Amino acid sequence: MVQYRATTMAMKGMVTSPHYLASQAGLSVLKEGGNAIEAAIAMASTIAVVYPHMNGIGGDNFWLIYNANNGVITAINGSGRSGERASIEFYRSKGYETIPARGPLAAITVPGAVRGWNVAYQYGQDEMGSTMPWHKLLEQAIAYAKEGFPVTPSQHTWTKVNLDEKDQTFRALNRFEEFSRIFLKDGKPYKVGDIFIQEDLAHTLELIAQNGADYFYDSELTERLVEDLQKHGGILTKEDFQKHTSDLVEPISVPYRNFVAYNLPPNTQGLASLSILNILNQLNLAEIEEGSAQYYHLLAEAIKHAFRDRDKYLTDPTYNHIPLNELLSKERGVGFAEKIKESCHATALPAMDPKGDTVWFAVVDEKGNAVSCIQSIYHEFGSAFIPKGTGVLLQNRGSFFSLDDKHVNSLQPRKRSFHTLNSAMLMKDNRPVLIYGTMGGEGQPQTQTLLATRIIDYGMNVQEAIEAPRFLYGRTWGATTNTLKVESRIPKNVQKELERFGHEVEVVEEFSDLMGHAGAIYIDEKGVKYGGADPRGDGIAIGY
């Protein structure tokens, strides 16, 4: 296979992200003596500025952290809960059958990202000897917000897509005053290479840098966020912000070949990512050619079984019991694997959620500490609502709640929604070997599976695995059914064989943005770090 980019190799530190400025921010912290957590916070804050259509401080994040001091993996749930006034009755009384996808009534979950950074920072200080001051980690983010940066093709494209006046449900974001003022130039998208400045966001970040993360959740800034949101019909309160916690949690894991795969527990779909590997671990991929129709078919069917379990059970575990041990048991994996082997015909799922945009990034430092982190505002540009004078683009993750009180993900006050976000890590002999992830909602477990199998089962290097043709099972806006979307580089004979298996194949461009922006860092037994970044995105892997 032709490789379009070289694999980055380094001995001391390695970072990868979907935006080159964020990668540079992380590397600069490592070179100044910072550890993986400190570098990740610099990356998280920078990418919140320079990739604003995909993530921001008005969204959520999730972390996997490997502590080389004690060999322990820790997870952070940095997702926000719905507000105290959020209820099914509230939306029903206003005539809604579903929660609006955009606008103030979509912004009903507290942004958890900033406190997620802080929980990681405190963990680093307590457990890993972190020494860099908090304000220093936000310096580059503040500079890019204040002085500007060149607009990427991704930001230009997604701004343009979201000005579609014909779609008043998901698009037409120019109907929101602050969105238009900040993200448009004379009513049109900024062009690629235009300098994009966010003065309000710069000021907000300066306040957080000077006063700490708590300032976002309990200060005059909080009052300004809530006041303008409520003025436009929103329902979050200052108390919602004050009560928010981002939490240290236990990661979940399953065996995969000679490795242990780690991911985030519910309310994330890390459950699905691990369930797929648990099923594939019962199948001998050595007998299957990579890139063959049989390979794609097996993966697609394992994904469907995992998604059925996910959609039946996944929600905030404080509201519903989720039988994790059963769902990730070897017996369940064996049972699903047998079903796949028994039938060569594709099965189907109900129409899935069509979108979810995100950034994933990773760091490994000189001591071997590692971070796999993912950050999101849900749909591109989130709720599209920005409280005046703050620059904070609020997420619309709460629009994923159901207004059916019998649904597992039904809306209730102070509840965390089912979350597509999840970060992955593979361990061997109690050390991280593969740190990997991607953006892309429903596509995250799917792309993670492609990366893991191609690197572990087929011996691809990380860049080769990232660039290899991908598929995505699901639907896009306006579609009523799922299709198996395949990049056009997948040979036509393989496409036809997939159709014979019963898959509804939809061919997309060679390197499709639909497939997400993946990344990975592989660490060999000598300690050499191999970094990869996706040509479908705007990122790089760099090390030293």
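I'm working on a predicted model, where local features need pLDDT of at least 70, side-chain atom pairs count only at pLDDT 80 or more, and totals for chains, interfaces and linings use all residues. Residues are numbered from 1 along each chain as its sequence is written, and side-chain values use heavy atoms, with hydrogens and water left out.

Next I looked up the strands around that pair. S11 (residues 259-263) and S14 (residues 424-428) pair antiparallel over three bridges; pairing takes at least two DSSP bridges. Strands (E, at least two residues) and helices (H or I, at least four) are DSSP runs, numbered from the N terminus.

Then I traced the whole sheet. It is open, has seven antiparallel-paired strands and runs S1-S20-S19-S15-S14-S11-S10. S1 (8-10) and S10 (252-256) are its edge strands, each pairing on one side only.

What lies across the sheet? I found H13 (residues 270-280) across S10, S11 and S15 (431-438), and H17 (residues 443-457) across S10, S11, S14, S15 and S19 (518-523). Contact here means heavy atoms within 4.5 Å.

I count two cavities of 30 Å³ or more. A cavity is a set of points on a 1 Å grid, over the protein atoms alone, where a 1.4 Å probe fits but cannot get out; lining residues have an atom within 4 Å of a point.

How values were computed. Axes fitted to C-alpha atoms, helices over the stretch in contact; angles between N-to-C directions. 1 Å grid on protein atoms, 1.4 Å probe; cavity = no way out; pocket = protein on both sides within 12 Å on 5 of 7 lines; lining within 4 Å. Points joined across faces, edges and corners; volume = space filled by probe spheres on them.
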